Amino acid sequence: MEKILQVKDLELSFNTFGGEVKAIRGVNFDLYKGETLAIVGESGSGKSVTTKSIMRLLPEESAEFKNGEILFGGRDLTKLSDKEMQKIRGKDISMIFQDPMTSLNPTMPIGRQITEPILKHQKISKDEAKKVAVDLLRLVGMPKPELRMKQYPHQFSGGQRQRIVIAIALACNPQILIADEPTTALDVTIQAQILELMKDLQKKIDTSIIFITHDLGVVANVADRVAVMYGGKIVEIGTVDEIFYNPQHPYTWGLLSSMPSMDAEDAKLYAIPGTPPDLLDPPQGDAFALRSEYAMKIDMEQPPPFFKVSDTHMAATWLLHPDAPTVEPPEMVIERMKKFPGSRYYEGSAN
Amino acid sequence: MARYIGKRLIYMFITLALIATFTFFLMKILPGSPIASADKLSPEQRAVVEARYGLDQPLPVQYFDYMFGLLQGDLGISINQFKGANVTDVILSRMGPSAQIGFQGMLLGTVLGILFGMVAALRQNTWVDYGSTIVAIIGISIPSFVFASMLQYWLGLKLDLFPVALWKDGFMSSVLPSIALAMFPLATAARFIRTEMIEVLGSDYITLAKAKGASGSEIAFKHAFRNALIPLITVLGPMAVSILTGSLVVEQIFAIPGIGEQFVKSIMVNDFSIIMGTTIFFSVFLIVIILVVDILYGVIDPRIRLSGGKS
């Protein structure tokens, strides 16, 4: 498959009054054409910062690339000037934000907000751009699009506004769509509609999606591959099945265990103990070690390298080292692993 | 919209009636008489003069006479300051210079202030920002008469670019007072726009505009500016009234025959009808500006567009 975006050894820091916050500490991933890659992780894990750094939307005066590159179309996005980035933003890479209630300009009719990127990136007349915008609104399922072009954001509901934001993002048929928790601010029924819409549109315009979320239920629904982030690093990456049914990193175990399940027998919901690491002074070894009951001495001393689990699946945990003792994952994870061919708990197909 | 304005007009009328009533009785409570050198007149002479201006009538009669005249647009005649001249004519003739320097000062101050504020917000925490903040602080804290004197001394006397005072050379005479008047709106606009722009520039829809590929200037002017205007409009409305209707101090310093200068004198000589007339004139102006500001809100921000308006 064709790689459309490559993030290599990306390191990024924020210079604050308190010191240097190492928000991204060596992130590597590839994005393939037409796939949906979900990035999951708790608040402060660096998932939003990673995608914002791809778009270069972070404040220039405080955010600083320390190392690594972001390769897109043969160019390193970390090195481009702001002018060159403006030509990529909204055209080749576009973004959907978390809160549709605040991401539209309240004093501009939505028609103008949709035609703006079209007029900016394509050489077409205003009237043609308007037609494109009406078509886009129809595509995202907005009834009576012609009438609604002249209306302002406050005249739409939250779900409708997110549809408009999606229409804006898709206006120039981008190669990459970054969705930063696009359903977090919506209620559950609308969430499902928006996810359906995104899946539907992805097929129609063949774009790659980076989907940021902390909601594993959403991940299972939309993603082809999943990257789990913790403390500014990716700790595990693999296909959706590999992450859900054969997870290797203790943090992924924790995440999966803390997900409410329909068939969990004991009613108590698991919570990962402790708090995320302070990235002003990141831990030496595995950032998750302090919160992990599986931590070994080496986890406190050296950061684990990536160990390959399969061609598509990698995890950064010392537990995968040949010399590491075999540990029992949490019961809930074992239950999941029983369904995955190739895991050591596989019990054969259930039917 | 028409219904809304109609309703507002009725309220405006009531407000004006109340202002006129209060001013009328407050003035009557004040000691002193509008009749110049009243002590030197014999009681007979005094009675003649008082009868001429209706001052011999009981207070309620005077009040209703005045209000009835007001309804017909009659502000009465000047008692001593302009010796029997029609008050409306006096105000209108004095309005010209005040309005001119006021308008020029407002325009200059607001435009420059908005510019300063925008630049400061876009270059936050650089020397440009600090420079504009210093200008704003100077504009607000140094009184206009200090500016006026400095302008007279440097630009008028030392460099001899503009006339130092008086209202004789048309536009040239209006330059220095306009600059002196511009400082306060400039400082205010710069502060308000800077604060509001910084807040707006941090909002999600600005990030989205950036994500669409909009350039820095497009973001500032197409997306942020309009959203940053609302608080400024709120303060600029009343400020425009006070400046357009004449700054007492600046008009005194530059010896401009404006409405402010005349208002001060009328109070000193107890010219009841001029005080009343000018107060009512100011009030009408202020009330109309407030209505205009309320309508402008809706024009700028569709979320506060008035019910019944075109949606």
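Questions on a predicted two-chain model

User: In this predicted model, through how many residues does a hairpin join β1(A) to β2(A)?
Analyst: Strand β1 covers residues 3-16 of chain A and strand β2 covers residues 19-32, and the two pair in the antiparallel sense over 11 bridges. Within this pairing, Leu10(A) stands opposite Val27(A) in β2(A). The hairpin that joins β1(A) to β2(A) runs through two residues.

User: Which residue of β4(A) stands opposite Ser13(A)?
Analyst: β1(A) also pairs with strand β4, residues 63-72 of chain A, in the antiparallel sense and over eight bridges. In β4(A), the residue that stands opposite Ser13(A) is Glu64(A).

User: Which strands of chain A stand at the edges of the open sheet, each with a single partner strand?
Analyst: The open sheet has eight strands with mixed pairing, and their order in chain A is β6-β7-β8-β3-β9-β10-β12-β11. A strand at an edge has a single partner, so one of its sides is left without a neighbour in the sheet, and in chain A this holds for β6 and β11 (307-308).

User: What is the bridge partner of Ala227(A) in β10(A)?
Analyst: Strand β9 (residues 225-230) and strand β10 (residues 233-239) of chain A pair in the antiparallel sense, with six bridges between them. In β10(A), the bridge partner of Ala227(A) is Ile237(A).

User: What angle does the direction of α1(A) make with that of β7(A)?
Analyst: Helix α1(A) packs on the sheet, where it touches β3 (36-40), β6, β7 (176-180), β8 (208-213) and β9 of chain A. With the direction of β7(A), the direction of α1(A) makes an angle of about 145°.

User: How many of the nine residues of α1(A) are buried?
Analyst: Helix α1, residues 47-55 of chain A, is mostly covered, and its buried residues include Lys47(A), Val49(A), Ile54(A) and Met55(A). Just after the helix, Arg56(A) takes a positive phi of about 55°. Counted along α1(A), the buried residues are nine of nine.

User: Which element of chain A supplies the largest share of the side that touches chain B?
Analyst: The contact takes 24 residues from chain A and 19 residues from chain B. On the side of chain A, α2 (82-88), β6 (93-96) and α3 (110-121) each supply at least two residues. By class, the side of chain A that touches chain B has nine nonpolar, nine polar and six charged residues. The largest share of that side, four residues, comes from α3(A).

User: Which helices of chain B do the buried residues of α12(B) pack against?
Analyst: In helix α12, residues 259-268 of chain B, the buried residues are Ile259(B), Gly260(B), Glu261(B), Gln262(B), Phe263(B) and Ser266(B). The helix is followed by Asn270(B), whose phi is positive, near 60°. The buried residues of α12(B) pack against α4 (87-122), α11 (248-253) and α13 (272-300) of chain B.

User: What is the radius of gyration of chain A?
Analyst: Chain A holds 12 helices and 12 strands. For its 351 residues the globule rule gives 20 Å, and the value for chain A is close to this, so the chain is as compact as a globular protein of that length, with a radius of gyration of 21 Å.

User: What percentage of the residues of chain A count as buried?
Analyst: Along its principal axes, the C-alpha trace of chain A spans about 70 × 50 × 40 Å. Among contacts in chain A between residues at least 6 apart in sequence, 65% join residues at least 24 apart. Of the 351 residues of chain A, the share that counts as buried is 45%.

Conventions. Residues numbered from 1 in each chain as written. Chains lettered and ligands numbered in written order. Predicted model: local features only at pLDDT ≥ 70, side-chain atom pairs only at ≥ 80, totals over all residues. Buried ≥ 20, exposed ≤ 12 C-beta atoms within 10 Å, placed from the backbone. Contact = placed C-beta atoms within 7 Å. Nonpolar A, V, L, I, M, F, W, Y, C, P; charged D, E, K, R; others polar. Pairing = 2+ DSSP bridges. Axes fitted to C-alpha atoms, helices over the stretch in contact; angles between N-to-C directions. Rg over C-alpha atoms; globule rule 2.2 N^0.38 Å.
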